[in-house]
Every structure is written in C-alpha cells, then in structure tokens.
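Please view the sequence and structure below before reading on.

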Protein chains: 2
Amino acid sequence: METINVMYVVDKDRHLLGFVTIRQLLLADEEDLIGDIMDDGLISASTMDDQEETARKFKKYDFLTMPVVDKENRLVGIVTIDDAVDVLVEETTEDIERMAAISPSYKPYLNTGIMETVKSRIPWLLLLMVSATFTGQIISSFEDQLAAVTVLNAYIPMLMDTGGNSGSQASVTVIRGIALGEIEFSDILRVQGKELLSSLLCGITLAAVNFGKILLVDHLLLRGFDSLNEALTVALVVSITIAVVVVIAKFVGCTLPLLAKKVGLDPAVMASPFITTIVDAVSLLVYFGIAMLILPGI
Amino acid sequence: METINVMYVVDKDRHLLGFVTIRQLLLADEEDLIGDIMDDGLISASTMDDQEETARKFKKYDFLTMPVVDKENRLVGIVTIDDAVDVLVEETTEDIERMAAISPSYKPYLNTGIMETVKSRIPWLLLLMVSATFTGQIISSFEDQLAAVTVLNAYIPMLMDTGGNSGSQASVTVIRGIALGEIEFSDILRVQGKELLSSLLCGITLAAVNFGKILLVDHLLLRGFDSLNEALTVALVVSITIAVVVVIAKFVGCTLPLLAKKVGLDPAVMASPFITTIVDAVSLLVYFGIAMLILPGI
C-alpha cells in the first residue's frame, strides 16, 4: 500500500476529533494549531460495524482510508481502501456462490481440495433433490390426467424451466440490489409492483409466442396432435399456464430475498435453485389445474 | 477523492519514467535530482487496456493510483482506485445479471423502467423457452415407454433439477474464477479433472441417498410401486441416472465457460439457465436409455 496522506487528530484520551492532510500541513502557517486547520467532518467506522457495510462506505464516499473507533469514539485503528476492495470482492464471491447453491469456500478454485469442493456442494444438492421429490409427487397424483392426454407431458420441462428462469431473473436482480444497498425491505411494495407489471408483460409475450409455436411447429410441422381442435385447446392450456407461472415466479422471486433479509438470513440463498424448486411445484399445480378446467375428458 | 500523494515523472516528450511520493520529496536532500530519488518499478495501464483488467491490477498490487500511457509509453492520465472500485462492482453486477439470463442494465433496480426491465429479460426467456421444447420432444418420443411404466414420470423433475443444480454449481464457480483471474483457459484439464472427481463423489452420494429414499419413502411409506421388485429396478434406474447426470452436468458446466472465454464470448452467459437447458435434455436421454436397458417390458 502506498503511504497514507491523512493524519487523524485525537484528544488526550484518544477521542477522534478530525483529520489533517499532508497538503494542509505543508500549506499551514507556522503559528497555526492543528485544531485550527483540521477538518472535523469525519465519517468513521465502528469496531462493531459489519465489514461489508464499511466497504460500501468506501465506495459511496470515495475514501482512501477510514478511521475506526470504539464505542466511546476513541481511535483504535484505520481501514484502507485496499482492504475494502478485498472485502467487496470476497463478499460478492460469497453471494455468487450462495446464489448457485454452494457453501462459500473463501479460497481460489484451483487451491480448493476435492473433498472441500464436494462438501461445499453436496448438502445443497441433497436438500434440493429431496425438495424436488414433492414436484414428483404432484406429477404422480395427476397420473390419470397425464395418461388421458399424454401430450401434456411434453410441455412440462418447458414450463418448469421458464418458471425457474423467470423466478431467478427477479430474485437475482433483487439480491444484487440488496447487496449494493439499492433496495431495502421497506421498498418491498415498489419491488413487487414493478415485478407484477413486468411479469405480466413478459408472461403475455411468452404465452403468445408459445401459442403460435404449438400451432405452427408442434401441430402443423411435427403433427403432434390428432386434430386442430386438440392442438388449440392444449395450446390454450399451456399458454395460460405460462403467463400465470411467469407472474407467480417473478413475484415469489422478488419477495423471498427481501423476506430473508428482513428475518436476518442471507438473501443470496433465495436465488435460482431454491426459487426453481418452489416454482416447479407451483407450475405443475397451475398446469394441471388449468388443464382440468379447459380440456374435455380429464 | 482525497489528494494523491504520488507524482509521475516523465521526460520532455512525456514518456513515463517513474514516480516519486510526497514522502520521498519531503525527505530528499536539497541537491538531489528527481531522477535520483524516483522509483522506476512502475506498473501502468495502457489506453487500450480493458477496464476490468485494469481494475483487477489495483486489487492485485494494492495501488491507489495508476498512470495511463498511450502506445508510445507517453503519460496521458491517471486512474484512481475509487474508479477501479466502481468498475469492479459494475462488472460484477453485469456478470451476475448475465448468469441469471438478464441483459445488463447498468442502472439501479428501482430506477429502471418497466419496459427496460422487460426488454432485458424477454429475449432470454424466449430463447430458453424455445430451447426447452427440445426437452419436450425427447419426452414425446419416449411416450410409449412412459405409458408402460408411468412411475418413471414422477422422477423427471428431480432428475432435471439435480442436473441443473449440479451444472450451475460448476459453471458459476468457474465463471467467478475466470472473472477473478484465478482460472485461465490453459487450466482446462485441471478444472475438468477436479470436476470429474468431485462430481463422481457427489453423484455416488446422491445416487445412494436417492436409492434409499425410493425404497423407504416412495415404496414402503407412500406405496407408490406394485412390488418390491418394481421398486428396486426403478430405484436402480433413477440412481444410476442421477450419478451419470451429475457427472455430465458438472463436466459441461465447467467446460462451457472456459470455451466461451477462449472464443471471446462472455463466460457468464454459460451459467445456470443455459447449462440447465442442455443438461435437461441430456438427463432425459440418459434416463430413458438406462430405463430401456434395465426395466423389463419397455
């Protein structure tokens, strides 16, 4: 680290009063006292502050150094921006790992042992695997409906993936916004309003494209249906499901990270894998529900 | 930004020669020349350098400022660490957005208009929706097998989700490693070796847990099978599939970001949504392939 050109000024009990720069010292008159030339508009970090929060202050105020004080405002040290940069990068890596269902390792990838890598990944995979069996239960319980209209099966992966992707777009955006200090829990209604509106637009667009695709590609090109009538009703079921699923996925996706933040959990855990597991189950329930309303004979 | 305590030294044509600190100036003898006291071990950025790469140099060398030179090594400006911090944060946000299938917006979430949000998300959702129909085609083409052993249906979401989660763990880890400069394309064999080994361990563990779960929960508790024999063979099919899918998913997940980097694409695009789409299709092919080998009568 290059040398620091700020000096902090304390009283005889080490209470922090202000700072002077080398430039101020060099330009000062000989009879000036430090108390005369020092600057007292000082932002400091407390020993009890979260390191990520302190790192964000550096970014916000463009500081090079920040004094650290104890509970009685006594100077106990300084933090420099190079430490803040390391913290920012490390905390972001931690967020990214959590978002991908990995326990943070705090080590460069190639220096992490195989067992360590396995241990950071397996618990999440197990948890998500077991959760995904609920989705399987839903499919099992609609076995008769699926047997009656087997073509419904073919749209399940697309519905699950589209729901998962929509949800993770919303959750990741909100998680990043929280990490950057741009979104607070108190913004929840604004966030939800924004996501509802944009998910409606996304959902309707996807539904329309999907409706056309089922009729043109699946029916006319691939001859996947017995009649135009069947193609139309299935297209209707799938398209309505997509629109509903996108709206629900984005709503869940934007809400869970904010709730997690509120109750003191890491919002980053509420990202793609977790959201996907929830949205998968919801998608299938919506799908079968709409199918039973619209399709004759199931 | 606080004042900078480094001065860059140039010759009469502005070629960069070295630097002096205020401290060196204050401590110098009166007869010293700048050339005598300056430090010439200087790391500079070029006007043609990528801003992310330059920001990483700040992190690596703990600099506060870095001189910028043109192609002839003439000093044309300086970059300060507060700009580097902004670049690091912005580039990371861009990576995170790309990983969640969102086009980067470079604006705080709450300041982004609804239409802008929709535009940054819809193209990816459409692309992934259309890709997911291939997975649907695979299911359609194995309709007869699914009709023969309908219980196979129930494990499809779990296999797809586990594959997707495994793949995204590997891809996100590698993407972050590339972004932090920890992993290069030349490390590809080491990365693949590491992922193969750890995916084998993950795959075998998940397969074992799943085998036990199918027998204990799905068969004994939920009575989802007609006979112990059916439960055993289906458990075998599903468990072998899981192990194979986890290995393939992690291999694809760690390889694609490195290939993307090699051909000049943003590795961050090769994250969860893209990997999931590929892995879904692969999972189903493996699943039906193994089912046809092991299960009688399909």
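## Contact between the chains

In this predicted model, 93 residues of chain B are in contact with 93 residues of chain A, contact meaning heavy atoms within 4.5 Å. About 8,700 Å² is buried between chain B and chain A, and carbon and sulfur atoms give 67% of that area. Buried area is the accessible area (1.4 Å probe) that two parts lose on being put together, summed over both.

The model is predicted, with local features needing pLDDT of at least 70 and side-chain atom pairs counting only at pLDDT 80 or more, while totals for chains, interfaces and linings use all residues. Residues are numbered from 1 along each chain as its sequence is written, chains are lettered from A and ligands numbered from 1 in the order in which they are written, and side-chain values use heavy atoms, with hydrogens and water left out.

Two salt bridges are counted between chain B and chain A; a salt bridge is a side-chain nitrogen of Lys or Arg within 4 Å of a carboxyl oxygen of Asp or Glu. B:E195 forms a salt bridge with A:R121, and their closest N and O atoms are 2.8 Å apart.

Several helices of chain B each supply at least two residues of the side that touches chain A, among them helix 1 (22-27), helix 5 (114-141) and helix 8 (188-221). Helices (H or I, at least four residues) and strands (E, at least two) are DSSP runs, numbered from the N terminus. Helix 5 of chain B gives the most to this side, with 18 residues.

## Symmetry

Chain B is superposed on chain A by a rotation of 180° with 0.0 Å of shift along its axis (RMSD 0.2 Å). The two copies are thus related as by a two-fold rotation axis. Superposition is by least squares on the C-alpha atoms of residues with pLDDT of at least 70 in both copies. The same surface serves both copies, as 100% of the contact residues of chain B recur in chain A.

## The sheet in chain B

Three strands of chain B form an open sheet in the order 3-4-5, with mixed pairing; two strands pair if DSSP finds at least two bridges between them. Strand 3 (45-46) and strand 5 of chain B are the edge strands, each pairing on one side only.

Strand 4 (residues 65-69) and strand 5 (residues 75-80) of chain B run antiparallel and are joined by five bridges. B:T65 has B:T80 as its bridge partner in strand 5, and B:P67 has B:I78. The hairpin of strand 4 and strand 5 of chain B has five residues between the strands, and B:N73 takes a positive phi near 65° there.
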